[in-house]
Amino acid sequence: WEVDASVYGVPVLAVSAPMFDESGKDVVGSFGLALPRKLALDLKNIVDSQRQGLESISAVIQQITESANEINNNQQLLHAEIGTVSELVKKINDVMAQIKNIAEQTNMLGLNAAIEAARAGESGRGFSVVAEEIRNLSDLSKNTVSEISELTRKIEASMRETGSASTATLSVAQQTAASTEEVNAGMEELTA
């Protein structure tokens with residue numbers, strides 16, 4: 001039977017056995033043995049302490065795993081949004097090409113109107129002013145399209161760099177999430 005430390009100062013395992021006379025029928029005494037269990041107690045305490053430490057580490061690794069998975073999910077969303085912005089920039093470029101085409105056609109109309117105003121002589125002078133304004137607006141539209149084109153080229157270059165960085169970060173986030181899952185599984189197994 002186990003005796004706690006309150007009796008002898010350390011836990012002990014107590015064992016006793018009866019002693020019989022030469023005939024083997026009568027008990028004439030008993031033989032007792034008390035084995036100190038301090039080493040077993042110390043070992044049990046160490047194991048309990050390690051178990052608690054492993055459970056704490058496991059809980060922290062679980063939090064890290066959840067954070068790594070959240071980072072991975074957020075990075076996937078960011079990567080998808082970068083693709084969406086790139087597609088929108090392409091659509092802006094398409095619209096700008098249409099605007100440039102309209103500006104060129106408007107310029108031609110203004111030029112034709114100016115020619116016709118000159119043929120009309122004095123009676124076409126007022127129309128000549130309108131034709132010149134149409135050509136000025138056309139030039140302004142072309143210049144604005146050029147400025148917007150330059151800005152979208154810069155945005156596209158930035159998006160390519162951001163996309164490359166996002167791809168690399170996504171890869172690292174996925175590897176980190178997978179690694180922390182492995183560590184977490186190992187810690188759970190070790191704790192068990």
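I take helices (H or I, at least four residues) and strands (E, at least two) as DSSP runs, numbered from the N terminus. This is a predicted model, in which local features need pLDDT of at least 70 and side-chain atom pairs count only at pLDDT 80 or more, while totals for chains, interfaces and linings use all residues. Residues are numbered from 1 along each chain as its sequence is written, and side-chain values use heavy atoms, with hydrogens and water left out.

**Entry 1: the whole chain**

I looked up the elements and found three helices and three strands in the chain, which follow the pattern β-α-β-β-α-α when read along the sequence. For the overall shape, I noted that the C-alpha atoms fill a box of roughly 155 × 25 × 20 Å along the principal axes.

I then turned to burial, where buried means under 20% relative accessible area, exposed over 50%, and partly exposed in between (1.4 Å probe, protein chains only). Of the 192 residues of the chain, 17% count as buried. With contact meaning heavy atoms within 4.5 Å, I found that 64% of the contacts between residues at least 6 apart in sequence join residues at least 24 apart.

I also looked up the charges, counting Lys and Arg as positive and Asp and Glu as negative, without His and the chain ends, and placing each charge at NZ of Lys, CZ of Arg, CG of Asp or CD of Glu. The chain has 15 positive and 27 negative side chains, and the centres of the two sets lie 12 Å apart.

**Entry 2: helix α2**

I checked the length of helix α2, residues 38-120, whose end C-alpha atoms are 120 Å apart; this agrees with the 123 Å that its 83 residues should span at 1.5 Å a residue, the expected span being 1.5 Å times one less than the number of residues. Just after α2, G121 takes a positive phi of about 75 degrees.

Within α2 I looked up N107, which counts as buried because its relative accessibility is 16%. Leaving aside neighbours within four places in sequence, N107 is in contact with R135, S138, D139 and K142. L109, also found in helix α2, is exposed, with a relative accessible area of 59%, and its C-alpha atom is separated by 112 Å from that of W1, 108 residues apart along the chain.

S56 is another residue found in helix α2, and at 45% relative accessibility S56 counts as partly exposed. The C-alpha atoms of S56 and T191 are separated by 9.8 Å, although these residues are 135 apart along the chain.

In helix α3 (residues 125-191) I looked up T180, which is buried, with a relative accessible area of 13%. Not counting residues up to four places away in sequence, T180 touches I61, I64, T65 and A68. The C-alpha atoms of T180 and L13, 167 residues apart along the chain, are separated by 44 Å.

Last, I looked up G9, found in the loop between α1 (5-8) and β2 (12-20), and noted that G9 is exposed, with a relative accessible area of 54%. G9 and K38 are 29 residues apart in sequence and 9.6 Å apart in space, C-alpha to C-alpha.
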